[in-house]
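Biologist: I would like to learn how to read a few features of a model. Please give the general idea and then the case at hand.

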Amino acid sequence: MELINILNLSYLIASILFIVGLKQLSHPKTASRGNLLGAVGMLIAVVATLFDQEILTYDWIIVGVLIGSVIGVILALKIQMTAMPQLVAILNGLGGIASVLVAGSALEIAIPKYSYIVNYQEVISIVFSAIVGGITFSGSFIAFGKLQGFITEKAVRYTGDQVVKVILGGIAIGLGIYSVMNPTDESFYWILSGVSLLLGILLVVPIGGADMPVVISLLNSYSGIAASATGFVLNNNVLIIAGSLVGASGIILTQIMCKAMNRSLTNVLFGGFGAVAEESKDDGDFYSGKVKSTSAEEVAMLLDIARSVVIVPGYGMAVAQAQHTVRDLYQLLTSRGVDVTFAIHPVAGRMPGHMNVLLAEADIPYDRLKEMDEINSTFENVDVVIVNGANDVTNPLAKTDPKSPIAGMPILDVGNAKTVVVIKRSLSPGFAGVPNPLFIAENCLMLFGDGKKATQEMISALKES
């Protein structure tokens with residue numbers, strides 16, 4: 001069998017594994033197997049490519065594989081689940097810059113033949129890789145900086161910022177057209193890449209931390225689109241297919257996130273998510289004298305007579321690494337005959353599915369996890385709701401204040417339950433930066449403290465009751 005046939009067969013097998021793996025990633029019970037299938041598919045694709053007859057030397061390839069493998073293993077072992085969104089942002093960015101560099105190298109190699117005949121499919125793909133890859137790289141690292149706290153989580157806006165982005169986008173398109181018409185002028189490719197990097201920064205900087213789940217999904221899609229474009233540059237079928245899968249799934253996930261946050265996809269694509277919300281001004285009186293604090297012992301008394309309990313996990317639970325302690329509470333309550341479920345908001349945490357992953361890590365049964373649309377109508381029949389580190393996703397202002405940054409965002413209607421217990425370190429606002437009226441509701445009790453420690457104290461008190 002000729003080498004080209006072996007390569008194509010290998011790429012076909014890898015593509016099938018990508019598709020099947022992506023399908024299995026849609027359900028927590030099969031997600032691990034789906035991830036493994038995707039990894040095997042990528043291994044097959046990489047090995048097949050390394051046997052390509054056009055490779056002249058393997059020295060630098062081996063060095064790159066070793067360095068990348070070491071970095072990957074370290075990240076896999078050391079990264080905390082709370083930092084997973086930051087890691088995803090970095091990986092998206094690295095995928096984007098890889099597309100820029102590979103396309104630039106391909107252009108440099110192709111310049112001599114372009115003096116005689118121009119392959120416009122190849123040139124257009126190269127230019128597209130520069131634009132999308134550059135935006136993905138810089139935008140992803142701005143997202144990383146916001147999530148990590150290196151850059152302010154607030155939406156950075158200035159007068160005429162949308163006009164500046166439109167003008168810069170027009171310049172990028174103009175440079176792209178010139179590069180297509182004059183492919184032998186390599187310098188314009190790198191100028192275009194620089195403009196795209198700047199555009200990526202300006203697109204993400206105006207977006208606040210509360211909207212990062214949507215941004216991460218969108219940038220993930222961008223990285224796939226850039227990879228697919230690079231596949232056309234290299235005439236590599238498996239790269240085209242893999243990039244298309246990532247791009248399409250990322251766009252679908254972005255649409256789901258937009259719906260969950262009541263955002264317009266058009267606004268997401270243009271950055272800034274529309275008008276700037278006025279900052280909430282808290283004169284210190286919003287919570288003053290209205291908050292009812294509680295103790296672990298009092299909560300244990302409530303749980304001792306409860307027949308139904310709903311636990312709402314949030315980013316605070318993730319930071320406290322309290323998922324295993326929450327599982328212990330779930331098991332203790334279940335052993336006493338209490339019906340315990342978990343209410344999952346689509347954008348709880350800092351990335352889509354963040355809470356699902358954390359709870360799956362703690363071996364909490366998947367059938368106990370209820371999505372927002374499914375559980376909202378049942379809260380009025382719930383005895384006790386325990387909100388562990390969640391804020392904006394339970395904030396009634398989303399329904400009552402049209403000027404709020406979260407106005408219109410679907411929330412978990414925990415306030416309809418008989419009693420709500422909120423575990424939180426303080427009364428500080430969530431990502432949206434606005435106070436939460438739930439905390440001063442008549443049926444709400446505040447249990448101040450670390451999510452893990454507070455849950456442990458509740459377990460101890462419940463055992464002694």
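Modeller: Start with the polar contact, which is a pair of N or O atoms within 3.5 Å; within protein, one must be able to donate a hydrogen and the other to accept it, and residues adjacent in sequence count only if both atoms are side-chain atoms. Here, a polar atom of the Asp383 side chain lies 2.8 Å from the backbone nitrogen of Arg307.

Biologist: What kind of model is this, and how are residues numbered?

Modeller: This is a predicted model, in which local features need pLDDT of at least 70 and side-chain atom pairs count only at pLDDT 80 or more, while totals for chains, interfaces and linings use all residues. Residues are numbered from 1 along each chain as its sequence is written, and side-chain values use heavy atoms, with hydrogens and water left out.

Biologist: Where does Asp383 lie, and is Asp383 buried or exposed?

Modeller: Helices (H or I, at least four residues) and strands (E, at least two) are DSSP runs, numbered from the N terminus. Asp383 is in the loop between α15 (372-375) and β4 (384-388). Buried means under 20% relative accessible area, exposed over 50%, and partly exposed in between (1.4 Å probe, protein chains only). Asp383 counts as buried because its relative accessibility is 17%.

Biologist: Which residues is Asp383 in contact with, leaving aside neighbours within four places in sequence?

Modeller: Contact means heavy atoms within 4.5 Å. With those neighbours left aside, Asp383 touches Ala306, Arg307, Ser308, Lys418 and Thr419.

Biologist: Which residues of helix α14 are buried, and what covers them?

Modeller: In α14 (residues 354-361), the buried residues are His354, Met355, Asn356, Leu358 and Leu359. Their cover includes α4 (84-114), β1 (308-313), α12 (315-319), α13 (323-335), β2 (339-344) and β3 (369-371). After α14 comes Asp363, with a positive phi near 65°.

Biologist: How many salt bridges are there?

Modeller: Side chains of opposite charge can pair when their charged atoms come close. A salt bridge is a side-chain nitrogen of Lys or Arg within 4 Å of a carboxyl oxygen of Asp or Glu. By this rule there are 8 salt bridges. One of them joins Arg368 to Asp339, with the closest N and O atoms 2.9 Å apart. This pair links distant parts of the chain, 29 residues apart: Arg368 is in the loop between α14 and β3, and Asp339 is in strand β2. Asp339 is partly exposed, at 41% relative accessible area.

Biologist: What does Arg425 pair with?

Modeller: Arg425 forms a salt bridge with Asp450, the closest N and O atoms being 2.8 Å apart. The partners are 25 residues apart, with Arg425 in the loop between β5 (419-424) and β6 (444-448), and Asp450 in the loop between β6 and α17 (451-464). Arg425 is exposed because its relative accessible area is 60%, whereas Asp450 is partly exposed at 21%.

Biologist: How many disulfides are there?

Modeller: A disulfide is a pair of cysteine sulfur atoms within 2.5 Å. The count by this rule is 0. As for accessibility, Cys258 is buried with a relative accessible area of 3%, and Cys444 is buried with 0%.

Biologist: Where is Ile201, and what does Ile201 contact beyond its neighbours within four places in sequence?

Modeller: Ile201 sits in helix α7 (residues 186-204). Apart from those neighbours, Ile201 is in contact with Ser138, Gly139 and Ile142. Ile201 counts as partly exposed, at 31% relative accessibility.
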